[in-house]
Amino acid sequence: MIKTLREEADKNNIFIGAAVNTNLLDKDRDYTNLLKTEFNMVVPENAMKWHTLRPEKDVFDFVQADKLVSFAEENKMAVRGHTLVWGATMPDWFNKLSPGEMNKSLEEHINKVVGRYKGKIYAWDVVNEAFDDSGEYADSHLIKSVGPKYTEKSFRLAKKADPTARLFWNEWGADRINKRSDKFYKIVKTALLKNVPIEGVGFQMHTGLGWPKTTTPLPDIDSVRENFERFAKLGLEIHITEMDPQIEEAEGSFEEKLKKEARFYGDIMSMVLQIPQFKALLQWGVNDKYSWVSTWLTHKDDAPLMFDKDNKPKLAYYAVKKALGNNIKLHI
Ligand code: G3I
């Protein structure tokens, strides 16, 4: 019998997930069916961010987030909550607050949001993208006003609001050994010595197969392994949270690009399965049609996910299934 990706993931005791555009749930039946058939974990692409939940200072809007959590419950899927604090995308009203008011607002936000979904979220991205490529804290009103201590405070608040959710720090561009991951490692290690409740690290894995043309080079797998292993040695759970290799600028025909993409997905999956603390791999979107790469970046012909614009499985899908132990013949 042909097994789905979800069944292969269950067999390996890991999660395979996708970032969901909640506006499409139910409206696009194929998208929704694909999601519940092939994945056992979901993460909201935007529904749990401040710009959705907090359009104004005193307004909380949980409609979209509730919809996804109910969908996951109905379909027995795990949920990653994304994200509680991301300096670069705080709403304008937040950025105008005084440091004291920012602290108060963060506290109110974490208590209310984490509290609402208590017991229903497998893992929260408590802190998102705190660093820049040079290994410094990324510039934001939050970092200028409150400073790096917002990170520790947010983890402690989240733990109090839901002791059962695993608390993650999720980073862009830190999947391999580089200045960003070195800083990430140093900060997390120090925080753990102070008993800050960080329980996992998320590596986003937004990369490009077309390097050096793109700004997000494909990582060297050995460097990713070495990096993941140093975090795993700290006792942390490891997730790949937002995988979506851009292929538009890669060399070769479209077919060749799809093969390269599939090799990358397969190699990453095989590698992480060797790391006992690895628990989840999520792609950033459900299919190529609605990927942020195709819609927000100007990559109209890009195809970064495991399913194409018509929800058909691509070579990358089969490569991941094969890495999970599926007895499939694949020439890539
Ligand atoms: O919904 C409004 C719409 O009403 C309005 O007309 C339109 C005009 O700009 O904006 C729409 O909201 C946009 C939203 O996506 C929903 O489509 C926001 O402007 C836009 O900023 C937002 O972009 C999201 C981005 O994060 C910033 O939050 C992308 O969809 C989302 O894919 C992207 O995801 C991030 C992860 O959270 C963190 N890591 C990187 C990753 C990719 O950038």
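Ala, Val, Leu, Ile, Met, Phe, Trp, Tyr, Cys and Pro are counted here as nonpolar, Asp, Glu, Lys and Arg as charged, and the others, Gly among them, as polar. The model is predicted, so that local features need pLDDT of at least 70 and side-chain atom pairs count only at pLDDT 80 or more, while totals for chains, interfaces and linings use all residues. Residues are numbered from 1 along each chain as its sequence is written, and side-chain values use heavy atoms, with hydrogens and water left out.

**Exercise 1.** Determine where the ligand sits and describe the lining of that site.

*Solution.* Step 1: the search runs on a 1 Å grid over the protein atoms alone; a pocket is an open set of points with protein on both sides within 12 Å along at least five of seven lines, a cavity is a set where a 1.4 Å probe fits but cannot get out, and lining residues have an atom within 4 Å of a point.
Step 1: the ligand sits in the largest pocket, where sitting requires more than half of its atoms to lie within 2 Å of the grid points.
Step 2: this pocket holds about 520 Å³ of space, a volume being the space filled by probe spheres set on the points, which are joined across faces, edges and corners.
Step 3: of its 23 lining residues, Glu45, Asn46, Lys49, Trp284 and Trp296 lie nearest the centre.
Step 4: by class, the lining has eight nonpolar, eleven polar and four charged residues.

**Exercise 2.** State how many cavities of 30 Å³ or more the structure contains, and characterise their linings.

*Solution.* Step 1: the search of the whole structure finds two.
Step 1: the largest cavity, of about 50 Å³, has Glu129 and Tyr150 among its lining residues, which divide into five nonpolar, two polar and two charged.
Step 2: the second largest cavity, of about 40 Å³, is lined by residues including Lys49 and Trp86, with three nonpolar, three polar and one charged in total.
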